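Thanks for coming. I will go through one interface today, and I will keep it short.

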2 protein chains.
Amino acid sequence: MDNFTFQNATKILFGKDQEQAVGQETSHYGKKVLLHYGGGSIKKSGLYDRIKNSLAEAKLEVVELGGVKPNPLVSLVREGVDLCKEHNVDVILAVGGGSVIDSAKAIAAGAYYEGDVWDFFTGKTTATQTLPIGVVLTIPAAGSETSSGTVVTNEDGQYKRSFGHDSLRPKFAILNPELTYTLPAYQTACGITDMSAHIFERYFTNTKKVDLTDRLCEATLRTIVSQGKKVLEHPEDYDARAEILWAGTIAHNDSLGVGREGDWGSHDIEHEVSGIYDIAHGAGLAIIFPAWMKYVYEHDVARFAQFANRVWDVEIDTRDLKATAEEGIARVEAFFASIGMPTRLSHVDIDETHFEEMAAKATERGPLGSFVKLHKEDVLAIYKLAK
Amino acid sequence: MDNFTFQNATKILFGKDQEQAVGQETSHYGKKVLLHYGGGSIKKSGLYDRIKNSLAEAKLEVVELGGVKPNPLVSLVREGVDLCKEHNVDVILAVGGGSVIDSAKAIAAGAYYEGDVWDFFTGKTTATQTLPIGVVLTIPAAGSETSSGTVVTNEDGQYKRSFGHDSLRPKFAILNPELTYTLPAYQTACGITDMSAHIFERYFTNTKKVDLTDRLCEATLRTIVSQGKKVLEHPEDYDARAEILWAGTIAHNDSLGVGREGDWGSHDIEHEVSGIYDIAHGAGLAIIFPAWMKYVYEHDVARFAQFANRVWDVEIDTRDLKATAEEGIARVEAFFASIGMPTRLSHVDIDETHFEEMAAKATERGPLGSFVKLHKEDVLAIYKLAK
C-alpha cells in the first residue's frame, strides 16, 4: 500500500424529501446564490419550484444560470463567472448531474480569478480561493457530488480537459433516489457505466498488496451490476435506485482508491471521443473500456483473473488464468450490452476518420495511464480494437 | 435503505513517517496543546520524542497528561479537563489507541463545561463547544480516530458509558503502520476482534435492501480475517499491518453503517463485563459476540446464512439455511480462538457471580440492541451461553 492523505468532508443528505433542506444547507454559505442547472427536466418534474421555494424560505437571493449541456462548455462557464462577479455571488447551487456540477466547479474556480477560466484546465494557473458549492443530484453517474475534479469542454478546438482542487469538493450534496425515477433508461445506463468505470480506473493498478481497497472496489461493482439491472427493469424501485445512487458516490469519493495508483487512461481516451462526437461520456466508456482491457490485460493476468472471479463469478481456471481473465472482460462487455450501451464505435456510427487526430490529441501532453503507459500508437490500437 | 446524513471530515495521513507532520497539523488549531497518552510504550519506542520534536518545531506550547489505562477512567478525564481550563489549552493531541482517544474526547467535551464531565455520559447535558482533537494512532482497534463517540468508565459504581457528538470527531488522524509493529500479539488480536465487532454491530440489522453496505461490510471483514492472521504471524509485515490499520478505521468511520439501523447490543453487554472485570474490551467482545449470535440468529436466518457464505466461505445448504447460519457462527468463534482470543467467560476466569448484576445494569436504561430487543432475562441468557 502507498502512503496517502484522505479527506472528504462533503456532507451527504440521503433519502426521501431531503431536498427540502436545500435552503437551510445553502444558507450556511452566504446570502446570494447562483442556481445552476441544465435543461427543462427539473422544471417539468417540479424540482425547480421546490428548490426555489426552499431557497426563498431561507431568505436567499437567487441568480440563475440554466442551459448546461452534457459535456459542459467553457462558454457557459464564462457566463457563470461573469454573473458571479457582477452579482457578488456567495455560493453556487448545482441542481442536476455531473455536467452541471462540473460546470459549477469551473465557475467556482473562475469567480475569484482575473484571467480566463480555461487557464485552470491548461495548467496555466491553479485555484487559490473558490466559491463554495452545494449540490442537488439528479443523475447518479459522475460522482462529482463529492469529488474535487471537474471536466469541461472548450468548443474552440474541441478540447475536453479536467482540473482538480480540494476546495472544489461540494460542501453538501443532497441525494434523493426518487429524483432519479424519471431518468430515461439510456441515461441511467450511461450512469451505471460511468460509475463502473470510476472503479475500474482505480482497480487496475500496479500497486501491490491492496487487499482491502480491492475488495471494496469489487463489492461496489457487484452492487452496481446487480442493482443496475433492477433499476432498468423497475425505474421506480426506490431501493434499487438508492443503491445505484449511493454506489455512484462511493465509486468516486476517493475511498476506493486510497493507497493505490489509479490509471485514468481510458477516461482520457474516451474524452477525445465525446469531445469530438456528440455521445454521452458513459456510452463512450462502455466502448473504450472493454477495448482497453483487451489491450492491457496481459500486463497483469492475475489481477484480471481475480477481477473475473470476484466481480463476475467466473470460475478460476488455475491452469489457464489468461482464459479466466478473458472471460471476465467478455462479461464486462456483455454487461454493458445488456443494459443497452453501445460497446463498439460502429454502434454509434463513429468510423476511423478521426482516430489519428484523437490519438495524437490524447497523448499530446505525454503518454496516458499508469497500469500500462500508453503512447499514441497504443491509443490508436485501442480505438481500432473498439471499432 | 433508510434516510441518512453522513459526514466524516477527519483528515487521514496514512503511511510511513507521517507522524513527522504532527506539529504542522496540530498548529492549525492553536498554540497550546494538551499531549495526552498512556503508559511508557511511546517513550520506549521513541515516538514520544519524535512527537515532542515535531511540536517544538511548530512552536507549540505543550501541557502533558499521560497515564491513560485501557478502559479509560473518568478520574483522569477530570484531571485533563482541569489542565485544559487552567492552561487555556487550544487543542488536544491524543497519542495511542482508542482509550487515549476516548479519554481525549471526554476532556474535549468537558473543557468548556462548568459541571462535572460525567454529565455527558449520563445524558444530563450534551456538547456545544468542544476542543479540537488530533490523533497519532498506535493501536488499530477502536476506530475512535475518526468516530464521534467516546467510552469512559466511572470507577464510582464501575459504570462504563458512551457519549457521542459530531464535534468530537478528530480533525486529523495520523496512521503509520510501522507504529503498530511492536504491539503485542494479544493486543493485536483484541484490536482485530474489536474492528470485526464494529462491523457485526452494523451488519446485523432489520433494515431491508441494503446491498451495497452489506457487501462493503463483508469485504472489510474478509480483509480483517485474512490479514489478521498475517499480522500475527509476521508482526513486521508492513502491508498486512497497513491493511489491518486501515480496516480498523473503515470499520468505524460510519461509511459501512449508513442507511441501516445498527444493533450495538453486544457492545453494551460487553461493557458490563470489562466495566467490572479487568479484561480488554476486544477479549470481552470475542466472548460475547458468538454467544449473542447463537441467541439471536433465528430472528433472521437468511441474513446469518448470507454472512456465513460471503464472509466465511460456508457453502449454502439451500435445504437447511439454519445449518449454514450455525456453521458461520462456529467459524466466527473458531477465528477468534485461532488468533488467541478467549471465547468463553471461563477462559478469563469469570464465573456466574455477577451475571445478575451485570444483566440488570446493562438494561437499567431499557432493553438493548435493535436486531433483537434484549431485556434483562435475554442478557442473562447470553452471559450463560458465554460461560
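How much area do chain A and chain B bury between them? About 3400 Å², with 56% of it on carbon and sulfur atoms; buried area here is the accessible area (1.4 Å probe) that two parts lose on being put together, summed over both. On the chain A side, Met1(A), Leu212(A) and Trp246(A) lose the most area to chain B, together 19% of what that side buries.

A word on conventions. This is a predicted model, where local features need pLDDT of at least 70 and side-chain atom pairs count only at pLDDT 80 or more, while totals for chains, interfaces and linings use all residues. Residues are numbered from 1 along each chain as its sequence is written, chains are lettered from A and ligands numbered from 1 in the order in which they are written, and side-chain values use heavy atoms, with hydrogens and water left out.

The contact (heavy atoms within 4.5 Å) involves 37 residues from chain A and 37 residues from chain B. Zero salt bridges are found across this interface, a salt bridge being a side-chain nitrogen of Lys or Arg within 4 Å of a carboxyl oxygen of Asp or Glu.

Which elements give two or more residues to the side of chain A that touches chain B? They are strand 1 (4-14), helix 8 (211-233) and helix 9 (238-250) of chain A, as DSSP runs numbered from the N terminus (helices H or I, at least four residues; strands E, at least two). Strand 1 of chain A gives the largest share, eleven residues.

That strand pairs with strand 1 (residues 4-14) of chain B, antiparallel, over seven bridges; pairing requires that DSSP finds at least two bridges. Asn8(A) has Asn8(B) as its bridge partner.
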